[in-house]
Amino acid sequence: DNMKFSLGKSEGIKVKFVCSNEGESCGCIGDAFKNKLFKGTVGETFVGKNKHDDLVLYVGVGEEPTIEDYKFASYSAIKYLISKEFENANICIHESNLDYREMVLAAVEGAIHGNYIFDKFKTTKKDIEINEIGLILKQELDNIETDIDELVNKMDGVITARNLVNEPSMYLYPETLAKIAKETLEPLGVKVTVYDKAQIEEFGMTAFLSVGRGSAKEPKLIVMEYNDVSDNPIALVGKGLTYDSGGYSLKPSDGMKTMQSDMGGSASVIGAMQAIASNKLNANVVGIVAACENMVSGDSYKPGDLIYSMSGKTIEIDNADAEGRVTLADAVYFATDKYSPAKIVDLATLTGACVVALGEVYTGAITNDPLFLSNFLDSAKNEDECVWELPNDEKYKELNKSTVADIKNSGGRLGGAITAGQFVGEFLKNDIPWIHLDIAGTAFLGKSQKYLPAGGTGVMVKTLYNYVKNNG
Ligand code: BES
Ligand code: MN
Ligand code: ZN
């Protein structure tokens with residue numbers, strides 16, 4: 001299933017990167033340029049022959065290629081080869097003014113993206129994936145195999161997250177999500193504890209339980225511990241709505257259809273734990289997921305309900321579809337109460353308002369600690385993931401005020417991504433460095449974006465990995 005990489009030439013066709021300005025002077029592909037069959041734009045493919053009369057897949061990287069361009073070109077080459085039913089290939093990496101190691105790693109990452117297809121439910125015409133890639137390098141690089149292994153492990157975390165997000169909710173519900181977390185992480189040395197409904201009740205997580213009450217599927221609290229979590233770990237908290245129908249504030253059918261992806265935050269946390277543990281990072285990390293389904297039944301929570309939470313604060317349910325923040329209220333309180341984390345990041349497919357504001361391109365962020373966010377944004381940049389800060393201004397907090405409870409679960413339409421994030425922030429037990437990431441637009445794409453697939457993306461797995469590696 002997994003693509004294997006080796007150094008040096010192995011079986012299969014050669015893939016070569018071509019800059020658009022190399023053009024006509026280039027011996028083998030010059031004619032194609034002259035005849036306007038190939039321009040060398042980023043990701044453009046052309047099959048020709050080299051001077052030894054071997055077939056070569058040329059792939060454009062544009063005029064002044066960036067690392068991202070190499071990722072996309074490599075992705076695009078693999079997609080082309082898959083469409084032609086190739087099972088292996090060699091990627092030649094030429095030298096440029098970019099860092100050569102980074103170029104090699106970009107080619108590898110792009111190839112892994114290119115090989116990703118979610119077709120387990122297709123019984124016919126399943127795409128054949130590429131099994132093996134030989135990397136033909138022009139420079140000797142110390143420990144490049146180690147770097148490739150690390151990257152492959154990190155990308156395995158991304159792929160786990162994508163698969164979880166794409167899996168229909170009829171198969172992926174709290175119990176099965178917990179089971180996959182266990183099966184994926186325990187072999188890597190992560191301690192995974194799954195608490196059932198009775199135990200969640202004992203913790204006093206009434207807010208979390210209220211959201212899950214309408215579902216036939218039992219809620220589960222999934223706790224993943226990596227290394228010494230008694231020593232002020234980093235806490236990663238993921239929204240784990242395995243389905244969000246909207247409850248009694250029912251969603252229209254179009255909005256409901258992809259709501260199996262409402263556990264995208266938990267998928268990214270599980271994927272990040274996998275990446276961190278498989279690379280044996282020297283850090284202490286705890287992952288927490290309050291997994292449940294938001295459904296309609298005779299026992300569902302309802303707009304107008306006034307509910308308790310683990311923190312002791314009461315919540316007015318203004319809208320049953322603003323359920324994510326209600327589960328996160330208890331999840332972040334649990335995290336801060338039980339683990340005294342040094343820092344906490346929560347990830348959630350939280351608001352349509354965030355998608356309206358930033359589209360499917362940027363993840364929205366809110367923080368109480370500018371330095372923490374600034375370091376986190378550096379990691380996002382290292383990994384080419386897009387994160388944009390939204391103002392965590394007191395002035396918005398007015399909107400979450402309730403006349404009958406301590407806080408209301410919806411601040412209305414205006415500034416919806418901000419008030420949702422601020423709601424979650426109200427449930428941190430102590431005033432610790434916190435980042436809230438609204439991945440509603442970026443966890444699941446309606447349309448593919450460069451090397452990111454339509455559907456589940458595994459967004460933020462790479463960034464979380466990079467952050468924990470550099471700051472854990
Ligand atoms: N899971 C949704 C947010 C969402 C919308 C994720 C679109 C991905 C794509 C969330 O639970 C929700 O329904 N939020 C409401 C909040 C509102 C009722 C205050 C929303 O954004 O409409
Ligand atoms: Mn909802
Ligand atoms: Zn939701």
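The structure is a predicted model, in which local features need pLDDT of at least 70 and side-chain atom pairs count only at pLDDT 80 or more, while totals for chains, interfaces and linings use all residues. Residues are numbered from 1 along each chain as its sequence is written.

**Exercise 1.** State which residues line the largest pocket closest to its centre.

*Solution.* Begin with the term: on a 1 Å grid over the protein atoms alone, a pocket is an open set of points where a 1.4 Å probe fits, with protein on both sides within 12 Å along at least five of seven lines, and lining residues have an atom within 4 Å of a point. There are 35 lining residues, and Lys251, Leu350, Thr351, Gly352 and Ala353 are the closest to the centre. Next, sort the lining by class: eleven residues are nonpolar, 15 polar and nine charged. Finally, α11 gives the largest share, four residues.

**Exercise 2.** Find what takes up the space of the largest pocket.

*Solution.* The space is taken by ligand 1 (more than half of a molecule's atoms must lie within 2 Å of the grid points). Around ligand 1 are 15 residues, with Lys251, Asp262, Asp321, Glu323 and Gly352 coming nearest (near: a heavy atom within 4 Å).

**Exercise 3.** Identify polar atoms beside ligand 1.

*Solution.* Take the oxygen atoms of ligand 1: one is 2.9 Å from a polar side-chain atom of Asp244, and one is 2.8 Å from a side-chain N or O atom of Lys251. A nitrogen atom of ligand 1 lies 3.3 Å from a backbone N or O atom of Thr349.

Terms used: Chains are lettered from A and ligands numbered from 1 in the order in which they are written. Side-chain values use heavy atoms; hydrogens and water are left out. A polar contact is a pair of N or O atoms within 3.5 Å; within protein, one must be able to donate a hydrogen and the other to accept it, and residues adjacent in sequence count only if both atoms are side-chain atoms. Helices (H or I, at least four residues) and strands (E, at least two) are DSSP runs, numbered from the N terminus. Ala, Val, Leu, Ile, Met, Phe, Trp, Tyr, Cys and Pro count as nonpolar, Asp, Glu, Lys and Arg as charged, and the others, Gly among them, as polar.
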